[in-house]
Amino acid sequence: MFDKVLIANRGEVALRIHRACREMGISTVAVHSTADAEAMHVRLADESVCIGPPPARDSYLNIPAILSAATIAGAEAIHPGYGFLAENANFASIVEEHGLVFIGPTPDHIAIMGDKVAAKAKMKALGIPVVPGSDDPVANAEEASAVAEEIGYPVMVKAVHGGGGTGMKVVASPKDLSAAFNLARTEAKASFGNDALYLEKYFERPRHIEVQILADAHGHVVHLGERDCSLQRLHQKMLEEAPCPALNADGRDRIGRRACKAISSLGYRSLGTLEFLYDDGQFYFIEMNTRLQVEHPVTEMISGIDLVREQIRIATGAPLGIRQKDITLAGHAMECRINAESPDSFTPSPGRITEYHAPGGLGIRVDSALYGGYHVPPYYGSLVAKLIVHGQTRNECLLRLRRALEEYVIGGIETTIPLHRRLVGEPDFINGDYHIHWLEKFVGREK
Ligand code: ADP
């Protein structure tokens, strides 16, 4: 086991990783920008190193500074969390070249899955159904038009190296394709430094269902069921639940087994998530995330398995201590993402926390780095807390979530708590009857 791990991240996920390390007897090294000197992840870690000024490119994305911090502190491994460098294959290789362990998959697997066209081709070859679309990147609007005619409108133009819901364009008819293609190209270049694009069939009312897998370096692969992440705004998840209200045990078992088989053939090791669109009873693969997901706690709540602990164990080369038959998924869990932003206009709302009271009681988990008097800096993502609730049934979970949202007080800044309070009273949500575009309509209607 490692003695010391450097956590190359901030906020709630840095704390989440610190907690797993603590329970495993591993010392932690926090890194932080000058804006985060007072942050909770710095306060709780055994050691901390300042790695640069506030902008992420100079601190949390500053590879030389992070490696120097790891060397100076004598860390043996680096946990990247999610976001920042978590899916940067180059970073993973540099970490390994320095004789440190990257807590995640191999650089090659990160690189394959970071190229969404290559990832789809790979999965298709391994027997996983994928969203219909171009098999290769499309070079120009004429090529895109030929593919669109073949798969049928509406289509979606997406960035090959995309992420975070950015740069996707829906095209309803041929006359709009050229403009959308060129706009997507400009956005992809600006956001990802690469303007390669591909095309997919656009689904009008699918659910987003993803399967959590765990794989070790000895060929053992298990799945921990699925999460429904259909409640999204601007293609970003707002509330997730497990299990998916629209999937039965048979459907879960079938997609879980197919995912395990594909992952095993790939020789993949670490945590991973296969994301699918689910339409009319069919699964269509969209992408694989080769890291810890924001919404991983809902799976932990129904499986009782500490995913970060398993991820760290796998990185040491240890075999998985669990087999598929040992995994029981019990009850229901939901997670609300609480962002420091206006619940109406969604404009960021950084600032000082004047009052803080987190909910508690049976089945409640709050993953957050907030505290009274803390100053939410304006430089990073707006996620400041995750409220995760477990119940024996979906209804119990829902009633408990409503109660917990009533209790939660975050003063001094605006948050998305009021939006979640409205959402959990909405009949479609209560009935589990929603799809990936439902929340956008709900938010529009609410205004
Ligand atoms: P990113 O990596 O940027 O998150 P994804 O490919 O995972 O992009 O897609 C993010 C979200 O965008 C999905 O969860 C879904 O809501 C929507 N989306 C992606 N592809 C399609 C599609 N072909 N049809 C309809 N919606 C899609």
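Gly391 is found in strand S19, which covers residues 383-391. In this predicted model, Gly391 has a relative accessibility of 1%. Buried means under 20% relative accessible area, so Gly391 counts as buried. Gly391 and Met301 are 90 residues apart in sequence, but their C-alpha atoms are 9.2 Å apart in space.

Two other residues can be described in the same way. Ala340 is in the loop between strand S14 (332-339) and strand S15 (351-352). The relative accessible area of Ala340 is 4%, so Ala340 is buried. Along the chain, Ala340 and Pro378 are 38 residues apart, and 9.6 Å separates their C-alpha atoms. Ala159 lies in strand S6. With a relative accessible area of 3%, Ala159 is buried. Ala159 and Ile110 are 49 residues apart along the chain, and their C-alpha atoms are separated by 17 Å.

**The protein as a whole**

The protein contains 15 helices and 20 strands. Its radius of gyration is 21 Å, close to the 22 Å that the globule rule gives for 447 residues, so the protein is as compact as a globular protein of that length. Taken along the principal axes, the box filled by the C-alpha atoms is roughly 60 × 50 × 45 Å. Of the 447 residues, 57% are buried.

The domain assignment gives three entries: domain 1 (4-87), domain 2 (132-201) and domain 3 (207-446). Between the C-alpha centres of domain 1 and domain 2 there is a distance of 36 Å.

**The ligand and its surroundings**

How many residues surround the ligand? There are 21 of them, and the closest are Gly165, Lys201, His208, Gln232 and Glu287. By residue type, the shell around the ligand divides into eight nonpolar, seven polar and six charged residues.

Which domains does the shell draw on? Domain 2 (132-201) and domain 3 (207-446) each provide at least three residues of the shell. In terms of strands, at least two shell residues come from each of S6 (155-159), S8 (197-201), S12 (270-279) and S13 (282-289). Strand S6 is also the strand that holds Ala159.

| Residue with the polar side-chain atom | Ligand atom | Distance |
|---|---|---|
| Lys158 | nitrogen | 2.8 Å |
| Glu200 | nitrogen | 3.0 Å |
| His208 | oxygen | 2.7 Å |

On its own, the ligand has 550 Å² of accessible area, and the protein covers 95% of this area.

**Details of the backbone**

Where are the cis peptide bonds described here? One joins Tyr153 and Pro154, with omega about -5 degrees. Pro154 is placed in the loop between helix H7 (141-151) and strand S6. Another is the bond from Ala242 to Pro243, which is cis with omega near -5 degrees. The place of Pro243 is in the loop between strand S11 (236-242) and helix H9 (249-266).

For His235, phi is about 65 degrees, although His235 is not a glycine. His235 sits in the loop between strand S10 (221-233) and S11. Is His235 buried, partly exposed or exposed? Its relative accessible area is 32%, so His235 is partly exposed.

Ser270 is not a glycine either, and its phi is positive at about 115 degrees. Ser270 is found in strand S12, one of the strands that supply at least two residues of the shell around the ligand. The relative accessible area of Ser270 is 1%, so Ser270 is buried.

Technical notes:
Residues numbered from 1 in each chain as written. Predicted model: local features only at pLDDT ≥ 70, side-chain atom pairs only at ≥ 80, totals over all residues. Heavy atoms only, no water. Near = heavy atom within 4 Å. Polar contact = N/O pair within 3.5 Å; in protein donor to acceptor, adjacent residues only side chain to side chain. Areas by Shrake-Rupley, 256 points an atom, 1.4 Å probe, with all protein chains shown as cover. Helix = DSSP H or I, 4+ residues; strand = E, 2+ residues; numbered from the N terminus. Nonpolar A, V, L, I, M, F, W, Y, C, P; charged D, E, K, R; others polar. Domains from an automatic or database assignment. Rg over C-alpha atoms; globule rule 2.2 N^0.38 Å. Buried < 20%, exposed > 50% of the residue type's maximum accessible area, 1.4 Å probe, protein only.
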